[in-house]
Amino acid sequence: MIDFHLNGRRQRCADVRADESVLELLRTTLGQTGTKEGCASGDCGACTVAIGEPDASGELVYHSANACITPAHQLEGCHLVTVEGLAEGERLHPAQAAMVDCHASQCGFCTPGIVMSLFTLYEQQRRSDEEPPPPLTQERLEAALGGNLCRCTGYRPIRDAALAMGDYPAVDPAWITNAELGHPADGQIATADAGHYVAPRDLAALRALKAERPHARLVAGATDLWLETTQQLKALDELIDVRRVAELNAIEEVEAGWWIGGAMTLARLMPVLAEPYPAFEHLMHRFASSQIRHRATLGGNIANASPIGDTPPVLLALDARLRLDGPRGERELPLAEFFLDYKRTALAEDEFIAAIFLPRPTAGHHLKVWKLSKRREDDISAVLAAFAWRLEEGVMRDVHLAFGGMAAIPCRAPAAEAALEGRAPDAEAFAAARAALAEELTPMTDVRGSAEYRRLAAGNLLERLRLMIEAEGNPTDNNSDNRDSATKVTLDAYAH
Ligand SMILES: Cc1cc2nc3c(=O)[nH]c(=O)nc-3n(C[C@H](O)[C@H](O)[C@H](O)COP(=O)(O)OP(=O)(O)OC[C@H]3O[C@@H](n4cnc5c(N)ncnc54)[C@H](O)[C@@H]3O)c2cc1C
Ligand code: FES
Ligand code: FES
C-alpha cells in the first residue's frame, strides 16, 4: 500500500509492484495520462513531475523528478503534482499561460514535462524565504530546464515563457490550500504488496533487513538502478530502499572534515561543498539534470562503480574514505581500495555505504576538476579529471591526479603523480607527467570518445593545469573556471 497525495487528493494504492515506476502508476493505474513517456531512461524530461517531500520540519519542499525512473513506493508520504493539477478551474497556471502566449509548444509531447520543470522553478521562487526572491537569471533557467529536451519548438520561445511566467497573476489550485497535505508516513517500514519493497527509517532497521535478505538490491535515488528495469527489462522484485534512513541522510562535521551520509542527494550536497571545494560544487552543476540531482545520491554514484561516474575521481583526488556498514558491523575503507575491477567493488553482499568522509582542505591545497562531455547539460563524461596539489616553496606536494573514463575503474595515475611530486610546475616536469600518463592508463573506446581521444584529452588537461599555474602562480581562487572553460575544452577537442 502506498499512501500519498496526488494533486491535493489523498491516494492509497494497493498491489503496486516493487519495481513499478511513478509513471506507470500514474498512466496505468490512476489514468493520469498528461505525463508522457519519451525515453524511459531519465534523459528527455517528458515525464517530469513535481514531488513535494516533507523536510525536517514536516513542510513540503518541491523538486522536479523523472517519473519514468522514480520508484512508485518512494511516493509514500509525499505530494505528487502533475500537469493535470496546476490550473485553478479554467484558469491556467502562469507556467502554462506563458507557454501558450509565447508559442512555446508544437507537437506538445515535451510540453507537460517542460511545464512541470517551470512550475517547480515558479514554486521555489514563490516559497523562497529571501525578500525580494532571487532573480530568475539565465543560469537558473538553464539549470531548471537542462533536463528537458524539445525536438521541434526550439528553446527560445520556451525560455521566453520561463522569463515571462512571473508576470502572470498567481493561481490557487485546490491543493495549495489543502490542509491535509504533507502528512509524513510515520511507520518504521513501508512494505510492498507485490514483490518486496521495504523502506527502513533508521540504521538498525537497515542492518536487520540486510541480515534477513542479503541478496536484496539496495535502491537510493534509482537513477542508475531503475534503468535495469526500463531499459534491460529485468524484474527488480526484492528491494531495500535506503533513501529515508535517517543516519544515511546526516552530515557529521568533525575537525578533520565531514562524514556525509550515503543517501545524501547531490542537490543537498552542493551547498556543503561550496565553501571548502568550489570546484567540486561547480562540477555538480554539470551532473545530469536538476531532476536527477534531486533524487540521485552520493552513495549510489560510488556504489554504482561506473568508470565514468563523476564524483569518484574527485573523491579519489581528495583521499576520501568510506564507512561501510552491515549486520556484521562497520568498517572504514579508503575509497582508493573500493573499486576492484569494472563494476566490481569491495562491498560485501550484506554491506552498504553508510557514509563518505571528505577531508577538510589543508592550507595551500588546490583542487581543479574538468569534465569533458559532448553536451554541457545532462551528459555523461567522456573524461573527468580531478587534480589536487599543494604548492610549497615553489614545488608541488601531495599531487593527486585522478581520472574517470581512462580505465575500467575510476583511478589515480601514480606514475604521472610521481613525475610532478616535489618538482617545480614547469614544462619539463609536466612533459614527463604527460608521458607517464599516456603509458599508465588504458582508456576504452565507446560512443563518448575513442581511446585515442581520451588519452590526448587527459594529457591536454594536464597541460592546461600547467598553464593555469603559470598564469596564476599559486592560485587562491582554485576553481572558478570549471563550468565554462570545461565546455570550451570539449568543443575545441571535438573540432580537431
Ligand atoms: C539521465 C541521467 C544522467 C546521468 N548523468 C550522470 C552524470 O552526469 N554523472 C554521473 O556520475 N552519473 C550520472 N548518472 C548516473 C546516476 O544518476 C548516478 O550514478 C547517481 O549518483 C546514482 O545514485 P542513485 O542514488 O540514483 O543510485 P541508485 O540507482 O539507487 O543505485 C545505484 C547502485 O548503487 C547501489 N546503492 C545505492 N545506494 C547504496 C548505498 N548507500 N550503499 C551501497 N550500495 C548502494 C544500488 O544497489 C545500485 O546498485 C545519470 C543518470 C541518468 C539517468
Ligand atoms: S521519459 Fe524521458 S526522462 Fe522519463
Ligand atoms: S513541442 Fe514537440 S518535442 Fe517539444
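**Domain arrangement and ligand surroundings**

In the predicted model, the centres of domain 1 and domain 2, taken over C-alpha atoms, are separated by 25 Å. According to the domain assignment, domain 1 consists of residues 2–84 + 187–241, and domain 2 covers residues 86–174. To the contact between them, domain 1 contributes 19 residues and domain 2 contributes 15 residues.

The size of an interface is often expressed as the accessible area lost when the parts come together. Between domain 1 and domain 2, the buried area amounts to about 1,300 Å², and carbon and sulfur atoms give 62% of this area. On the side of domain 1, the residues that lose the most area to domain 2 are Thr48, Tyr62 and Val83. Together, these residues account for 37% of what domain 1 buries in the interface.

The model also contains ligand 1, which is surrounded by 32 residues. The closest of these are Leu218, Thr223, Asp224, Thr297 and Asp310. By residue class, the shell around ligand 1 comprises 15 nonpolar, nine polar and eight charged residues.

In the side chain of Thr223, an N or O atom lies 2.6 Å from an oxygen atom of the ligand. For Gly221, a backbone N or O atom is found 2.8 Å from an oxygen atom of ligand 1. In the case of Lys371, the distance between a side-chain N or O atom and an oxygen atom of ligand 1 is 3.0 Å. Taken alone, ligand 1 exposes 990 Å², of which the protein buries 94%. Strand E8 (217–219), helix H11 (298–303) and strand E16 (352–359) are the elements that each supply two or more residues to the shell around the ligand.

Technical notes. Residues are numbered from 1 along each chain as its sequence is written. Chains are lettered from A and ligands numbered from 1 in the order in which they are written. This is a predicted model: local features need pLDDT of at least 70, side-chain atom pairs count only at pLDDT 80 or more; totals for chains, interfaces and linings use all residues. Side-chain values use heavy atoms; hydrogens and water are left out. A residue is near a molecule or strand if one of its heavy atoms lies within 4 Å of it. A polar contact is a pair of N or O atoms within 3.5 Å; within protein, one must be able to donate a hydrogen and the other to accept it, and residues adjacent in sequence count only if both atoms are side-chain atoms. Accessible areas come from the Shrake-Rupley method with a 1.4 Å probe; for residues, only the protein chains shown count as cover. Helices (H or I, at least four residues) and strands (E, at least two) are DSSP runs, numbered from the N terminus. Ala, Val, Leu, Ile, Met, Phe, Trp, Tyr, Cys and Pro count as nonpolar, Asp, Glu, Lys and Arg as charged, and the others, Gly among them, as polar. Domain bounds come from an automatic or database domain assignment. Contact means heavy atoms within 4.5 Å. Buried area is the accessible area (1.4 Å probe) that two parts lose on being put together, summed over both.
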